[in-house]
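Student: I have a model open and want to talk through some of its features. Can we go topic by topic?
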Amino acid sequence: MIETVRKHIIEVQAFSSTNKEEIENFRIKYLGKKGLLNDFFAEFKNVPNEQKKEFGQVINTLKNAAQEKVDSLKEAIESSTETKGVYGDLSRPGEVIPLGSRHPISIVKNKIIDIFLRIGFNVSEGPEIEDDWHNFTALNLPEYHPARDMQDTFFIQTNPDVLLRTHTSSVQVRYMENNKPPIRTISPGRVYRNEAISARSHCFFHQVEGLYVDKGVSFADLKQTLQYFTTEMFGKSKIRLRPSYFPFTEPSAEVDVYWGLETEADYRITKGTGWLEIGGCGMVDPNVLKNCGIDPEEYSGFAFGVGIDRIAMLLHQIPDIRMFSENDIRFLEQFKSVL
Ligand code: PHE
């Protein structure tokens, strides 16, 4: 009897299969209700007393061996289907991978940067919390200059020397202080003005200002650069420079692009004139160059500034500037396809 059980142990240990049905039959043969093991256990009472101990041990060994065999063969089948799973079920529908999107302000900013990088400008950045010198005084706006009122300033605490920059011209001052001409740089960034918040204006918005300082830079260079920019940015090459005033440029001008009057939207955007104002510009005032350690007898330069938010609103038909800062995912998601 004991010999029969031992033979079964050897048989069990030698058994191997990758077929589920075969393994199941094997399990039933040994471990099933009417399986061999139950037969052997039933036999136990007929075994002579002196053999009981040894018989008990061999049927237990057989039981464990059969159970282990079944478990390990099943596991082997499962893990082999897992490795097949590397290729997956090719008929399964794909999983949706949620894609992020760039903010429309970043999209437009990057586009402007890209346009100016192509003609040799670099990108400069500076702090949003500025001092009076870089935001005002160096830019020909001494204390009590009435033009300071043009830019309603947020001061930090009660110290009038610490403020949130009202334009990124402050970055240009820093750049001129630290670099010698030739200078060709654009300064994109967030600026702050204490203005009532509405659909058209916000207390913070974004600008890109440009600066070119070298020997013999003229107003014609400024005009050509702006024309290149509007052509690349909007596909519109007709521009108009209207005389204006900025303390840091002389002469100064407002830049208008001819948008056209073809559609109803054109009428609305240009208030029926066909012209759209996109920013300010001018020749850098000699005083500003001097303040920044550049000799105005030797060098001249031009500067310009455009508002990113307005351009983004225009290009993407965004009706309200507040949408940029609300973080409404339904709004932001619409820019997924734009780089
Ligand atoms: N700094 C001006 C503004 O914020 C824009 C500007 C820049 C005008 C450069 C002229 C030259 O309104």
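**Strands, pocket, cysteines and domains**

Tutor: Phe155 has Leu163 in β4 as its bridge partner. Keep in mind that this is a predicted model.

Student: How many bridges join β3 to β4, and which way do the two strands run?

Tutor: Two bridges join them, and the strands run antiparallel. Strand β4 covers residues 159-164.

Student: What is the strand order in the sheet?

Tutor: The order is β2-β4-β3, in an open sheet of three strands with antiparallel pairing.

Student: Which ones are the edge strands?

Tutor: β2 (129-131) and β3 (155-156) are the edge strands, as each pairs on one side only.

Student: Which residues are closest to its centre?

Tutor: Ile105, Lys109, Gly189, Arg190 and His206 are the closest, out of 20 residues that line the second largest pocket.

Student: What does the lining look like by class?

Tutor: Seven residues of the lining are nonpolar, seven are polar and six are charged.

Student: Cysteines next. What does the disulfide count come to?

Tutor: The count is zero disulfides. For Cys281, the nearest cysteine sulfur belongs to Cys292 and is 19 Å away, so Cys281 is in no disulfide, given that the pair would have to lie within 2.5 Å.

Student: Is Cys281 buried or exposed?

Tutor: Cys281 is buried, because its relative accessible area is 1% and the cut-off for buried is under 20%.

Student: What about Cys203, buried or exposed?

Tutor: Cys203 is buried as well, with a relative accessible area of 17%.

Student: Now Val96. Where is it found?

Tutor: Val96 sits in the loop between α4 (49-84) and α5 (104-117).

Student: Why does Val96 count as exposed?

Tutor: Val96 counts as exposed because its relative accessibility is 78%, and exposed means over 50%.

Student: How far apart are Val96 and Asn287?

Tutor: C-alpha to C-alpha, Val96 and Asn287 are 59 Å apart in space, and they are 191 residues apart in sequence.

Student: Last topic: how is the protein divided into domains?

Tutor: Domain 1 covers 2-87 and domain 2 covers 106-335. Their C-alpha centres lie 83 Å apart.

Definitions and conventions: Residues numbered from 1 in each chain as written. Predicted model: local features only at pLDDT ≥ 70, side-chain atom pairs only at ≥ 80, totals over all residues. Heavy atoms only, no water. Helix = DSSP H or I, 4+ residues; strand = E, 2+ residues; numbered from the N terminus. Buried < 20%, exposed > 50% of the residue type's maximum accessible area, 1.4 Å probe, protein only. Domains from an automatic or database assignment. Pairing = 2+ DSSP bridges. 1 Å grid on protein atoms, 1.4 Å probe; cavity = no way out; pocket = protein on both sides within 12 Å on 5 of 7 lines; lining within 4 Å. Nonpolar A, V, L, I, M, F, W, Y, C, P; charged D, E, K, R; others polar.
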